[in-house]
Amino acid sequence: MSLKSFAFAISLATVGPAVAQNESLSAELDDIGRQMTEIEAQAARYDGGLILPLIDARREALLLARTLIENRINAEAGGATVEVTVPAIQPDEAMAEQILGEMATVQQRIEEAEREAATAGGLIQALTLSRAETERLTLAQLQMGYLQAKYGIAFPVMAPQAAESAPTSAPATSAATPLQDAPLAVAWADPRFPTIDYTLAPFEQAGRNGHQVSGWWAIEASRAVVDDSPQIVALNHSQFRPNSFTGQTALVARCIEGETALVFVQDDFLINDFRRNSFEMTLRINEEPSQQSRWTSLTNNKGAGLFGREAETFIRTIYDAERLFIRLFESNGQQHDALFKLDGAQDAFEAVAGACGWTTLTLSTEDYGAIQTLLNAGGFDTGTPDGQWGPASQRAMRAYQASVDLPETGAPDRATLEMLGVDK
């Protein structure tokens, strides 16, 4: 995503208080100047392709950082010309130190990619150089985060990629105004969870697009282009960070073209175990002991997931959970952690299960046989009750669900079993 798409106003109104001496800010300017010289030299080597847009995006990020630093210096010196208006925030030394550590890690990945490129050729070299430039863009974005934390210089907040064509979002809540203080009431807010801040950009986007909001989840329903089958994509935004400069982390439950998936999205280029096309994962549900698992790598190398029956089984496992901790291990030893709050998850999981025709209940063969017997007794023919939930059972269940005005999932879901008088 190009940084050119981020709009910002021009004025001196809210530059904020002076928080650092001009000498320190001048040193930051010198460092940005050095990086700009390097960028121009790199850009001169390319006429197009994969890398040049990344270089252009990094240039835009650094130009924005340079402008805001110059604005701060001018403001401290009593100058009259300042070019970008953003809200003032308080410096955070601890956050600045944390970001410096992240910058050092990214710098290591850049150096690794450069070493790989030096010994490769052709397409492999081009892809490796592209990965190195992607990391440089990440480094430039982290540098903006560092300037914000170190000096209180706020930057326009980047919208997540999923919102590129969405309406302009509401101003993000800064670290100086904790979410729990006074979340604003908005039309799309879920009243069951009054402490969640539904003015956050992904919830505003979901609300304005008419999608369901349930707890920490935004649930989008649509139809598959290929066969008009129901589709559900539910995103958990409890890890959303308005001031993130490296993208957003999310948990996604979805049903697309009849396949269920539960996906951990980490907006970074991840190095998987290429022999197994998967990542080692550590999972912890609520306060239970942690468990080890392997999740399949996404095709864009920015996350991992469970698919099909594995996803259905795990969703049943976390159906009533309050929290899910995920740790993903890259093959190079890097790890990515996220703790998702699952408020509202049952609505999301039921929507996904209904679209893909399975139940969030854990049912035995005997359970399925009993349900088949009930349907047969009611005139909805499943064939001989054998405990196997096949096409005949699905057709009979859809017919029963239609007769009682329930969604025609074809599965013995919770609402249907309640209507049948089955206590699960």
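## Helix 8 against helix 9

Which residues in helix 8 meet which residues in helix 9? Ile-371, Gln-372 and Leu-375 in helix 8 meet Ser-393, Ala-396, Met-397 and Tyr-400 in helix 9, where contact means heavy atoms within 4.5 Å. The residues of this contact comprise five nonpolar, two polar and no charged.

Helix 8 (residues 365–377) packs on helix 9 (residues 391–403) at an angle of about 55°, and their axes are 11 Å apart. That angle makes helix 8 oblique to helix 9, the class left over once angles under 35 degrees (roughly parallel), over 145 (roughly antiparallel) and 65 to 115 (roughly perpendicular) are set aside.

## Aromatic pairs

The count comes to seven aromatic pairs, a pair being rings of Phe, Tyr and Trp (its six-membered ring) whose centres lie within 6.5 Å, with planes under 30 degrees apart stacked, over 60 edge-to-face and the rest tilted. Trp-295 and Phe-314 are edge-to-face, because their ring centres are 6.0 Å apart and their planes at 75°. Trp-295 is in strand 7 (residues 291–297) and Phe-314 in helix 6 (residues 309–317), 19 residues apart, and both are buried, that is, under 20% relative accessible area (1.4 Å probe, protein chains only).

Phe-380 and Tyr-400 are also edge-to-face, with ring centres 5.5 Å apart and planes at 80°. Phe-380 lies in the loop between helix 8 and helix 9, so its pair with Tyr-400 in helix 9 ties together parts 20 residues apart in sequence. Tyr-400 is buried, with a relative accessible area of 10%.

## Basis of the values

This is a predicted model, in which local features need pLDDT of at least 70 and side-chain atom pairs count only at pLDDT 80 or more, while totals for chains, interfaces and linings use all residues. Residues are numbered from 1 along each chain as its sequence is written, and side-chain values use heavy atoms, leaving out hydrogens and water.

Definitions and conventions
Axes fitted to C-alpha atoms, helices over the stretch in contact; angles between N-to-C directions. Helix = DSSP H or I, 4+ residues; strand = E, 2+ residues; numbered from the N terminus. Nonpolar A, V, L, I, M, F, W, Y, C, P; charged D, E, K, R; others polar. Buried < 20%, exposed > 50% of the residue type's maximum accessible area, 1.4 Å probe, protein only.
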